[in-house]
Every structure is written in structure tokens, then in C-alpha cells.
Amino acid sequence: MSWLRIRELVRKEFIQLFRDKKNRPLLIIAPFIQLVLFGYVVTTEVRDIRVGLLDQSRTRESRLLEDAFNANKTFRVTYYCNRPEDLDALLLRRQVDLTINIPPDFSSQIRKGNTASVQILADGSMSNMAAIRISHTMTVIEMFNNRLFKELHPQRADFGRVDLRLRTWYNPNLDSRNFYVPGIVAFLVMLLTLLLTSMAIIREKESGTMEQLIVTPLKPFELILGKTIPFIIIAQAQMVMVTAFAVFWFQIPLAGSIALLFVSTCLFLLSTLGIGLFISTISATQQQAMMTTFFFILPFFMLSGFVFPIANMPLAVQWLTYLNPLRYFLIIIRGIFLKGTAIDVLWPQLLALMILGGIVFAGAVFRFKKNLD
Amino acid sequence: MDPRNVQTIARKEFYHLIRDFRSLYLAFMIPLLLILLFGYALSLDVDDVAIVVVDHDRSPLSRDFIRKLDASPYFVISRQLPDTASVTKYLNRSRASLGLIIPPDWTEKIKAGLQSPLQILLDGSDPNYAGISRGYISIFIERYNRKLRDDFLNRMGMEKFNPPVEGRIRVWFNEDLESRVFIVPGIIAIIIMIVGAMLTSLVVAREYENGTMETILSLPIRASEFLLGKAIPYFFIGLVDVLAAILMGQLLFGVVMKASFWLMILASSIYLSVALSLGLLISVLTKSQLVANQTAILVTYLPSLLLSNFVFPVVNMPSVLQSLTRIVPATYFIDILNGLYLRNLGFVPLWPSYLVLIIMFGVLFGLNLVVLKREGL
């Protein structure tokens, strides 16, 4: 194996990659756009619940309930209605998330010591957010009840109760960004290496220059190294850029070790470069390569726990995710960023990446060599 | 415009497609895969939150509390642990998302009529999951407190207290709160973008790269004929994908369309036309397959996924991005889909969205013509 030949091939790849002016935005701007998009957009937080209110009782009690909702920062009564039909229309046209209908006998029931029911309609179309809105609503009502209880029966209020002391770890403010930005870092690295590796080889095939490379004294393994090393360098450079952006722009805490991040990225690249090589062996045209890449990326992305929790998947699919290199890399990268976990906790994931990457890369190299002959 | 010319170009494009069997195959496989994934595997809902428990109290009351928690449909006690340190370990390795620590004097304090602290550790790294499970656990504790109060009043021989207000909560449009019900229709918008824009983004660029664009420029055809011919095969592929998606959603996952089927076909056709013109425009402008594909991912696929109110609500975004969502076609189509699938809204309440899509199509098609004319077609 001659390092000189590899070096020259690497140099050629770099020249080819950067000579085409159209490639530059792709390498530099596209990752940033994606990072910014994901950083700002991907959140399912419930910050603001728009409420349509119909108060048919118009008494002190009903106003107290209204105040209880208004005092809560997440709720905002945006419409006061006069007829129940108006509430339905608001909900139907997506102008509110929740409607509250206080019946005419609301306060008379309370004064009698009965339970007055308030009708609440929730827009369930985005089920995950609806679940949070509903639990907020129930909390407000429960707090309201407790207040009334204390007011009405001060002597009976001092019963022993559970005091919930909830502490949230790793991401105390439940900030979506902290969860998704490290994930997108991993995703971008995968996207770039998978696509560029397969494209670089297909382009040689399409333009017929592969023949020329084969007749040079380059050995197959040197050819593979020469074709993959540029993308290892680019991927690592991108990793540094993107991580810096995440830490300094989005203020994502980087609790763990940067060295571990580097090592695990290398292990992850083993799989993605292997898959890229593999795609190049089964595709004849750039269009095919792109579609095939996309076909690989979609399930990798969806079945990695990036947005959709793995624990929610059916068991068979959960087993399938063990074949997904992005799954391991996400656990590692989130662990390093958020939890500050080190190798003592992350070794199973690192080992899995190493084994998976080793097999995939070796298989791809084998196929690639056979293709060359 | 001569329909014969359109037909000829369409036939040529169709042959390209048939000959490149894999691209065609993928044009059907990617949508299939997406629908299956989203229908079966991917969900944003939370049930069976895994809890690890440390019970320092070991009293009948604490055991009863744990049993009640386990019996609730929202939680599963995955393990009882000896000490707090092991809870940390479980949370660090993501093997549980909630840790519950019952202190030694828990029951004693409750019996004494005091506030008895109960410590809960929550893994907040996934904010969606954590937010929902936080809601579940607070409500569970409130319910439990209500029970403690009733027990207390009972013990003291006092009259039971009726809670003054009860919220009768009813959920509309998605009664069982399943994320599938809004994700499966939304995925149709993504599929159309992938098939419509990402596939077509390659077709003119390919002509440029192969040098066959010269031949086409010298043919006696108009730009509009060329565009229509290029788009027609992909239009039919897209329509077939939409039909498959509707059918699979309904048959496999029980996601039933509430409004009219034909209106759905109409809306999908309009949106598909927008996607096709967008893809062709990218192709004509970039003239390189690699760049075209990357651009297509960036300006069609990602915005449809992220900036369209699909899973991530627009109201949470910074205002700059909020205004950006207004030029994303998927925003309007997802609005229409939401109406058709969940709210049983027909054409009349949603006409502005249809109109915007039609205008977008007109503008994009016009731009295509302008660019192609400048190229000499």
C-alpha cells in the first residue's frame, strides 16, 4: 500500500469537490440551514393555550374559575362567546385549542355543595400536544377545587397529603432544542457522508473515468481509502463546525468529553461510509444513487429515536432498530451533550457501532472490489 | 399548444422511467415505507411510562401507592431498586424515564396530617415525552391526594366533600388521542413532495448533464409542451401514491377520511402540480443532478416536514420562520388535509388554502416558462 498514491487521490477528490462552485453551498450552507431549522422549529412544547370561553353563569364563582385560568401563564382566553355554537365553530376553524363552557347552574350547584360540571372541549388533532393541554387544564381545575375547599372548610383542610417534589434531570426546562440539536448534528454527518461517498464513485463511473483509475497502479484498497478519506475529513470538519454552532449559538450544554465525541464519530463514519460504498456498487446512475440513499436515510432517521421514541414502537420494530447505526450514535451524542456520560456508560453503544461498522464496511469493500474486477 | 408534442415528450420521459427500473420502484417503495412506518411504528403518544421505585418506607400505604401507580394505564413499574444511586444509573442508561423515591417517614407524615414529600426524578431529555409524562404524574398525585382527603374525612367521621368543579373533558377530531390520526394524513403531503419534486428535480438536469438538452432545444416544441410532457408521468405516479396512501391509511390503520374522496383527489392534484412545477424549476435552474437533488431536499422535503404545521406547531416558531411557513405549499395542503381527514370540512371553509395553492402553481409554472424561454426553448 502506498500512502503517496492515496494522498494524490485524496487531493484529486478535494479539488474535484471544491472546484465545482455549486458544491460549496451544499457543503457549508445546507448543513447550517438544516441546523437552524431544526433548532428553531422542532418543538412540541405547549407554551400558549388559546381558550374560547362561554360563561352562562356570570357569578362570582364562575369569574373565580375564569381568573384561575387567566392567572395561569399557559392559558390565554382569546375569545369570549355568547352561544355554545360559537365555541364549536372556534374549535372547528382552529382558532382556539380548548373551549370552556360554564353552565348556567354553575354557582348554584357549588353553593348547594354539589359538583358543578364544566364542559371542556379539546382539539385532539395533534394528540401529543392535546395530552399536555388536557393535563394543564385538569391541574388548573384541581387547584381551583383545593382553593375552594380551603375557603369553605378551613378546619378540614389540614389532612396529610403527598407533596410532589418533581425534579427534571438532564434538560430541566424541557427545552426541545437541547434534545433535537445534538440529534441533528448526528443526522447531518450521516446525510453528508452517505450521499457524497456514493456520488463520488458513481460520478467516476458515469463519466467513464473509473476505467482510467483502474488502469493506474492504484490498488483496490488504496482506491477505497482515497475515496473515503476525504469524506472522513469533511465529516469531522463539519462535526466541529456544527457542534461549535450548537454550543455557541443555541447554547446547548456540552457536558461530556469532546475527545469521546470525536472517537465515536469515527466509529459511526465506518458504518455510513460503508453504506455509501455499498450504494455505489448497486447503483448505475446518480439518480439511482440518490434515491437509494434516500431510501436508506428515511428509515435510519425515523427508527433512530430522533423524534419518535423507540419505546413506543412495536417490539419487532424495536429489534430492527438495533441494526440502525444512527440509533447508537444518537444515544452516544445525546449522552455526551446532555448527560455528560462517559465511556463507562456508553461502551455498549460504542462496541455496537464498531461491530456494525466493521461488518458493513468490510462487506462493502468486498463487494466494491468484486465490482472492480 | 399541440397535444401530440406533449404526448411525445411524456412518452420519452415514461421510457426513461421504465428503463430505470429502480427509480420507479423507489418512487413507490418510499411512500409505502413511510406510510407503514408512520402507521405502525412511529408515535408521539406516551403510555406505559417506565418507572423505577425506591421504597424506603415499606409501609402498607407506600405499597398501596406503588400498586395503584402500576395499575394505572399510563405507568409501568419496571423495577424496585434498593437505593437512589441505582435510580441514577437507570436514568443515565435511559432504561427508565421516571424515578420515584419514597422517603422513610412518608406514611408517618401523612398520618400526622403534614405535607409528605415524595421525590420524583424525571428524565427530561426528550421534551415531548417528558412533558406528557410530567402531566400524567401530577394528575395521578392529585387524584391520590383526593383519595387521602376522603379517607381522612371518613376517619374523622366528617361528611364527604364533593369537589366543587369537575371538568368534563371531551376531545374532538381525534377522540382517542392517537398521533397516527394526524400523522398519516400529513405524511401524504410529504410523499407528494418526495415523488413530485425530488424525482422531477432530476429530469431536466439529467438532459443537461447528458447533453441531450441541446437536441431538445432544437426541436420544434414549446416550453409549455416540454414541461407538461416531463410532468405527466410523474403526475400519475404521484396520484397512484396518493391513492395507495389513502387506501392503506384506511384499511390498515383505520385512519378514515371524513370528507369527500373526490375533494381529496382534487386537492392532491393541485398540490401535486405545485410540487411538480417546483421540482422542474429546480431542475432547470441547477442543471446538475447532485445539486438539484440537494436543493430539492432543502427547499421541498425539509420545509414540508418542518415548516408546515405537520408535527411541529407553527405558533411555537420565531416570527421570521412563521412568515416563512406562509410560502411553503405544504402548509396549505396540510391545512386542507386536516380539514378533510379530521374535521369534516368541505371546500367552502378552506377555499383560501385551495386558492393559494392554485396561485403558487401558476407562479411556479410561469417562472419555469420564463427560464426555459431564456434557455432558448
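Author: Let's open with one feature: α11(B) and α12(B) make a right-handed crossing. Here, a crossing is left-handed if the near helix is turned anticlockwise from the far one by less than a right angle, and right-handed if clockwise. What you see is a predicted model, in which local features need pLDDT of at least 70 and side-chain atom pairs count only at pLDDT 80 or more, while totals for chains, interfaces and linings use all residues. Residues are numbered from 1 along each chain as its sequence is written, and chains are lettered from A and ligands numbered from 1 in the order in which they are written.

Reader: Thanks! At what angle do the axes of α11(B) and α12(B) cross?

Author: Two packed helices are described by the angle between their axes and the distance between the axes. Axes are lines fitted to C-alpha atoms, for helices over the stretch in contact, and angles run from 0 to 180 degrees between N-to-C directions. Helices (H or I, at least four residues) and strands (E, at least two) are DSSP runs, numbered from the N terminus. For α11 (residues 261-286) and α12 (residues 289-306) of chain B, the axes come within 9 Å and cross at roughly 140 degrees. The two helices, α11(B) and α12(B), are therefore oblique to each other. The words go by cut-offs: under 35 degrees is roughly parallel, over 145 roughly antiparallel, 65 to 115 roughly perpendicular, and the rest oblique.

Reader: Which residues of α11(B) meet α12(B)?

Author: Two residues are in contact if their C-beta atoms, placed from the backbone, lie within 7 Å. On the α11(B) side they are A275(B), L278(B), G279(B), I282(B), S283(B) and T286(B); α12(B) brings V291(B), A292(B), T295(B), A296(B) and T300(B). This contact of α11(B) with α12(B) divides into 6 nonpolar, 5 polar and no charged residues. (Ala, Val, Leu, Ile, Met, Phe, Trp, Tyr, Cys and Pro count as nonpolar, Asp, Glu, Lys and Arg as charged, and the others, Gly among them, as polar.)

Reader: How do the axes of α11(B) and α15(B) cross?

Author: The axes of α11(B) and α15 (residues 351-375) of chain B come within 9 Å and cross at roughly 25 degrees. That angle makes α11(B) roughly parallel to α15(B). The crossing of α11(B) with α15(B) is left-handed. Their contact holds 19 nonpolar, 3 polar and no charged residues.

Reader: Now the sheets. What is the order of the strands in the open sheet that includes β5(B)?

Author: Strands of a sheet pair through backbone hydrogen bonds, either parallel or antiparallel. Two strands count as paired if DSSP finds at least two bridges between them. The order of these 5 strands is β2(A)-β1(A)-β3(A)-β4(A)-β5(B), with mixed pairing. β2 (75-81) of chain A and β5 of chain B stand at the edges, each with a single partner strand, so one side of each has no neighbour in the sheet. On average, neighbouring strands here are turned by 25 degrees against each other, direction ignored.

Reader: How many bridges join β4(A) to β5(B)?

Author: There are 8 bridges between β4 (residues 116-123) of chain A and β5 (residues 165-172) of chain B, and the two strands run parallel. Within β5(B), R168(B) stands opposite Q119(A). At the other pairing, 6 bridges join β1 (residues 49-55) of chain A to β2(A), also in parallel.

Reader: Which strands make up the open sheet that includes β5(A)?

Author: These 5 strands follow the order β5(A)-β4(B)-β3(B)-β1(B)-β2(B), again with mixed pairing. Neighbouring strands of this sheet are turned by 30 degrees against each other on average, direction ignored. Inside it, β1 (residues 49-55) and β3 (residues 98-102) of chain B run parallel and share 5 bridges. I51(B) has L98(B) opposite it in β3(B). The helix α6(B) packs on the sheet, touching β5 of chain A together with β1, β3 and β4 (115-123) of chain B, and its direction makes about 170 degrees with that of β5(A).

Reader: How far does α6(B) reach from its first C-alpha to its last?

Author: α6 (residues 127-155) of chain B has 29 residues and reaches 41 Å, close to the 42 Å expected at 1.5 Å a residue. That expected span is 1.5 Å times one less than the number of residues. Just after α6(B), G157(B) takes a positive phi of about 70 degrees.

Reader: And how many residues does the contact take from each chain?

Author: It takes 100 residues from chain B and 96 residues from chain A. On the side of chain B that touches chain A, α6(B) gives the most, with 19 residues. That side of chain B divides into 58 nonpolar, 24 polar and 18 charged residues.
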